[in-house]
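Please look over the structure shown below with its helices, charged pairs and open spaces in mind. The report that follows takes these topics in turn.

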Amino acid sequence: MASRTKRTLWQFLATVAGCIMALAHGITLGWFSPTLALFLSDESPFGKPLTVNQVSMASSVVPLGALLSNLFIGWPLDFFGRKIIMYTAAVPNLINWILLYFGDHVAFLFVARFLVGFSAGIMLVVIPIFIAEIADPEVRGTMTSMLILNMCGGISLGLILGSYIPYNVFPFVAGAVPILYVLLIFPLPDTPTFLLKRGRDEKAMKSFYFYKNLGSKSSSDLTREAAAEAEFNTFRENVLGGDVAQNASCRDFCEINRGN
């Protein structure tokens, strides 16, 4: 048990760091509900009270932003890597708060909410992939579930804080969360799966050793070093041989449904 905990330590910490972006998104979603009363009042930060149609539009552009980012994120994810795309998930969320702080027209709200959705679309694609590629199979499900757990926690936090923190102060509080997320994921290496597929074997080995907590390649324990290198070579063969990711066919889908 202790050895399993030690092996997955960095996997867990990396997952916690990545899921902070889900917390940031949840806060953004939760904040909108208690702030509606301000938007609909004479004290609206956009100069005049918003109409019901404008509020509905502000809500509807969030999934639109997520949809558009989902359509275009695939190629950059495989070309630039998981780490770079994880950075980009924080940028639209942060710009959202900047627009809301300085914005004096309802158009700023529409753009801000669109960016919230765009950020979420990136996050909900790249972070599960990142977790799946660094986590051992035994803990992968548990670690992936932390994404939704953090998002739900963020929504609750946004609902509570949005009820008490003034409108012009909240962007500083909520904007600090994606900044914290970027700072925490900065020291993490990209996933060994991506690095291997890009032909960066040396970096892939270092990344694999890091996330599996196997120690450095130059470890003085020759037996441990040999076992770690053998494990990496097996992993490398599986990735480059296509065993890690297999294409599904229509026949597979029909077999699954027949079994159910």
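Which residues does Ser207 touch, not counting residues up to four places away in sequence? The residues that Ser207 touches are Pro189, Asp190, Thr191, Pro192 and Leu195, where contact means heavy atoms within 4.5 Å.

This is a predicted model, in which local features need pLDDT of at least 70 and side-chain atom pairs count only at pLDDT 80 or more, while totals for chains, interfaces and linings use all residues. Residues are numbered from 1 along each chain as its sequence is written, and side-chain values use heavy atoms, with hydrogens and water left out.

**Overall build**

The protein has 12 helices and 0 strands, these elements being DSSP runs numbered from the N terminus (helices H or I, at least four residues; strands E, at least two). Of the 260 residues in the protein, 42% are buried; buried means under 20% relative accessible area, exposed over 50%, and partly exposed in between, with a 1.4 Å probe and protein chains only. Among the contacts with a separation of 6 or more, 76% come from residues 24 or more positions apart. The accessible surface comes to about 13800 Å², and 66% of this surface belongs to carbon and sulfur atoms; such areas come from the Shrake-Rupley method with a 1.4 Å probe, and for residues only the protein chains shown count as cover.

**Helix H10**

Ser207 lies in helix H10, which covers residues 201-211, and Ser207 counts as buried because its relative accessibility is 1%. The buried residues of H10 are Ala204, Met205, Ser207, Phe208, Tyr209 and Tyr211. For Ala204 the relative accessible area is 0%, so this residue is buried. Leaving aside neighbours within four places in sequence, Ala204 is in contact with Pro192, Leu195, Leu196 and Phe232. The C-alpha atoms of Ala204 and Pro192 are separated by 4.4 Å, although the two residues are 12 residues apart along the chain. Just after H10, Asn213 takes a positive phi of about 55°.

**Salt bridges**

Side chains of opposite charge can pair when their charged atoms come close. The count comes to 6 salt bridges, a salt bridge being a side-chain nitrogen of Lys or Arg within 4 Å of a carboxyl oxygen of Asp or Glu. The table gives some of them.

| Salt bridge | N to O distance |
|---|---|
| Arg82 and Asp78 | 3.2 Å |
| Glu133 and Arg82 | 2.7 Å |
| Asp136 and Lys212 | 2.6 Å |

Arg82 takes part in a salt bridge with Asp78 and in another with Glu133. Arg82 counts as buried because its relative accessibility is 4%, whereas Asp78, at 47% relative accessibility, counts as partly exposed. Glu133 is buried, with a relative accessible area of 15%. In the salt bridge between Glu133 and Arg82, Glu133 lies in helix H6 (residues 106-134) and Arg82 in helix H5 (residues 82-102), so the pair ties together parts that are 51 residues apart in sequence.

Asp136 and Lys212 form a salt bridge in which the closest N and O atoms are 2.6 Å apart. This pair links distant parts of the chain, since Asp136 sits in the loop between H6 and helix H7 (137-164) and Lys212 in the loop between H10 and helix H11 (222-241), 76 residues apart. Both Asp136 and Lys212 are buried. Salt bridges that share partners join Arg7, Asp136, Lys212 and Glu231 into one network.

**The largest pocket**

About 280 Å³ of space lies in the largest pocket. Of the 16 residues that line this pocket, the closest to its centre are Ala135, Pro137, Arg140, Lys212 and Phe235. H6, H7 and H11 each supply at least two residues of the lining, and the largest share, 4 residues, comes from H11. On a 1 Å grid over the protein atoms alone, a pocket is an open set of points where a 1.4 Å probe fits, with protein on both sides within 12 Å along at least five of seven lines, and lining residues have an atom within 4 Å of a point. Grid points are joined across faces, edges and corners, and the volume is the space filled by probe spheres set on the points.

**A nonpolar surface patch**

Leu9, Trp10, Phe12, Leu13 and Val16 form a nonpolar patch on the surface, with about 400 Å² of accessible area together. Such a patch is made of residues with over 30% relative accessible area and no salt bridge, nonpolar side chains (Val, Leu, Ile, Met, Phe, Trp, Tyr) being joined within 5 Å. Phe12 is found in helix H2, residues 9-39, and Phe12 is partly exposed, with a relative accessible area of 40%.

Conventions:
Patches are made of residues with over 30% relative accessible area and no salt bridge: like charges are joined within 9 Å, nonpolar side chains (Val, Leu, Ile, Met, Phe, Trp, Tyr) within 5 Å.
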